[in-house]
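I opened the notebook today to work through one structure, piece by piece. Here is what I looked up, in the order I went.

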Amino acid sequence: MAAPPRPESVELLEKLVAALSARGILTEEEIAERQAITDRASPETGARMVAKAWTDPAYRALLLSDGTAAAEAMGVTMAGAPPLGVLEDTPTRHHLVVCTLCSCYPRAVLGYPPHWYKSAAYRARAVRDPRGVLAEWGTHLPDSVEIRVVDSTADYRWMVLPMRPAGTEGWSEERLASIVTRDALVGVALPRVP
Amino acid sequence: MPDDAPAHTPATHDLGGASRFRCTPIDPDDSPPDDFGKRVDAVRQLLAQKKLMTVDELRRGIEAIPAEEYHALGYYERWLRSIASLMLEKGVIAPEELR
Amino acid sequence: MSAAIAPGARVRVRDDWPEERGPCHIRTPHYVRGRTGTVERVLGAFPNPEDLAFGRPAPRRTLYHVRFDQKPLWDEGNPRDTVLVEIFEHWLEPLAEGRH
């Protein structure tokens with residue numbers, strides 16, 4: 001579990017905000033507004049993009065060639081956000097995203113990163129023992145499938161386009177999106193038909 | 001590693017493959033940040049919008065935190081430390097305001 | 001943007017450790033330094049984070065997606081598995097054909 005902040009950290013934050021407010025640099029209203037905007041981003045956006053790519057070949061091509069434009073096409077504001085790259089899983093290749101240096105994450109389309117993504121254990125192990133990491137999510141891939149770990153070290157943010165599972169023929173985009181979880185968009189899990 | 005490779009110690013934040021965490025199970029906690037974390041994040045975004053700091057400077061400040069503190073502090077506590085140091089370094093605020 | 005290295009080219013990551021020389025901010029993870037990989041894609045040109053982190057003027061540098069076989073990095077793991085890392089041009093050295 002993520003530990004709560006120490007009292008001295010809470011105190012430091014309030015002193016910092018007070019000092020910045022006193023100088024007219026920011027206001028409580030701006031903080032609340034910023035937080036509300038950030039709270040609205042969620043993995044449902046990434047899931048909708050994947051579901052659309054599964055049903056619309058032109059959108060799939062756009063998603064893979066220019067993730068930023070594909071996000072904008074779904075109504076996401078990408079101005080100021082890092083460029084988005086999308087990694088296509090195939091029958092012989094599975095992608096897993098990590099940031100070993102900090103915790104780069106495609107927040108515009110997935111929202112806040114979960115606690116585990118930022119943990120030292122995930123950051124340390126994903127590049128060295130990806131199969132062991134996947135096993136902790138109950139994800140087991142045959143040895144014949146290449147696991148391609150993508151370490152988000154610089155200016156891009158990465159999202160996985162998983163394979164559409166069998167048994168979803170004829171499903172609507174909305175229903176397809178419902179099985180694309182945040183974990184599947186990072187690559188620790190696969191979309192499953194319930 | 002080849003036997004003749006010079007020994008280098010990666011920086012604290014440069015965690016890829018770190019032996020220290022080899023056998024550490026990944027904490028399945030998938031909760032979003034708490035209110036403290038969200039508030040730190042909002043302040044960080046505003047300071048970036050107002051051109052008072054960049055994400056690269058934020059990272060440099062985080063990377064400057066000594067190893068044991070780095071691992072003892074929560075994720076957004078590290079951010080806060082870095083933001084506070086940057087605001088002091090740039091003279092945006094004065095040290096006594098944080099005491 | 002002029003990308004000097006084409007996709008498919010073999011490259012070596014510089015075996016350099018600036019963190020041992022003093023304060024710095026670098027985005028090349030330790031585990032690929034001195035290692036050989038293959039350029040997968042040219043990602044574009046971005047202001048050099050090594051300068052941005054210190055508020056210095058930051059010239060744009062070409063960013064490459066470089067693929068490494070995972071097993072040689074750690075001497076363990078599945079020989080099929082790979083790691084893809086974003087690496088700036090000034091960390092890469094082209095590798096002549098015929099070398100490992």
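This is a predicted model: local features need pLDDT of at least 70, side-chain atom pairs count only at pLDDT 80 or more; totals for chains, interfaces and linings use all residues.

Residues are numbered from 1 along each chain as its sequence is written, chains are lettered from A and ligands numbered from 1 in the order in which they are written, and side-chain values use heavy atoms, with hydrogens and water left out.

**Entry 1: chain C as a whole**

I began with burial in chain C and found that 49% of its 100 residues count as buried. Next I listed its secondary structure, taking helices (H or I, at least four residues) and strands (E, at least two) as DSSP runs numbered from the N terminus. Chain C has two helices and five strands, and along the sequence they run β-β-α-β-α-β-β.

For overall shape, I took the radius of gyration over C-alpha atoms and compared it with the globule rule, 2.2 Å times the number of residues to the power 0.38. The rule puts a compact globule of 100 residues near 13 Å, and chain C agrees with 14 Å. Its C-alpha atoms fill a box of roughly 40 × 30 × 20 Å along the principal axes.

I then looked at contacts (heavy atoms within 4.5 Å). Among those in chain C with a separation of 6 or more, 58% come from residues 24 or more positions apart.

**Entry 2: where chain B meets chain C**

How many residues does each chain bring to the contact? I found 15 residues from chain B and 19 residues from chain C. For buried area I used the accessible area (1.4 Å probe) that two parts lose on being put together, summed over both. Between chain B and chain C this is about 1400 Å², and carbon and sulfur atoms give 48% of that. On the chain B side, B:H8, B:D56 and B:R60 supply 34% of the area buried against chain C, more than any other three residues.

I turned to charge next, since side chains of opposite charge can pair when their charged atoms come close. My cut-off for a salt bridge is a side-chain nitrogen of Lys or Arg within 4 Å of a carboxyl oxygen of Asp or Glu. Two salt bridges link chain B and chain C. In one of them B:R22 pairs with C:E76, with the closest N and O atoms 3.0 Å apart.

I also noted that, by class, the side of chain B touching chain C has three nonpolar, five polar and seven charged residues. Here Ala, Val, Leu, Ile, Met, Phe, Trp, Tyr, Cys and Pro count as nonpolar, Asp, Glu, Lys and Arg as charged, and the others, Gly among them, as polar.

The side chains of B:D14 and C:R33 also meet in a salt bridge, at 3.5 Å from N to O. This pair crosses from the segment before α1 of chain B to the loop between β1 and β2 of chain C. Both B:D14 and C:R33 are buried.

**Entry 3: a closer look at C:H25**

Is C:H25 buried or exposed? It counts as buried, at 1% relative accessibility. C:H25 sits in the loop between β1 (10-13) and β2 (36-47) of chain C. Leaving aside neighbours within four places in sequence, its contacts include B:D56, B:R59, B:R60 and B:E63, along with C:P49 and C:F54.

For polar contacts I required a pair of N or O atoms within 3.5 Å; within protein, one must be able to donate a hydrogen and the other to accept it, and residues adjacent in sequence count only if both atoms are side-chain atoms. The side chain of C:H25 makes such a contact with the side chain of B:E63, at 2.9 Å.

**Entry 4: salt bridges elsewhere**

I searched the whole structure and got 33 salt bridges over all chains. Within chain C, C:D16 pairs with C:R14, their closest N and O atoms being 2.6 Å apart. C:D16 is buried at 14% relative accessibility, whereas C:R14 is partly exposed at 26%. Salt bridges that share partners also join A:R93, A:E146, A:R148, C:E40 and C:R67 into one network.

How values were computed. Buried means under 20% relative accessible area, exposed over 50%, partly exposed in between (1.4 Å probe, protein chains only).
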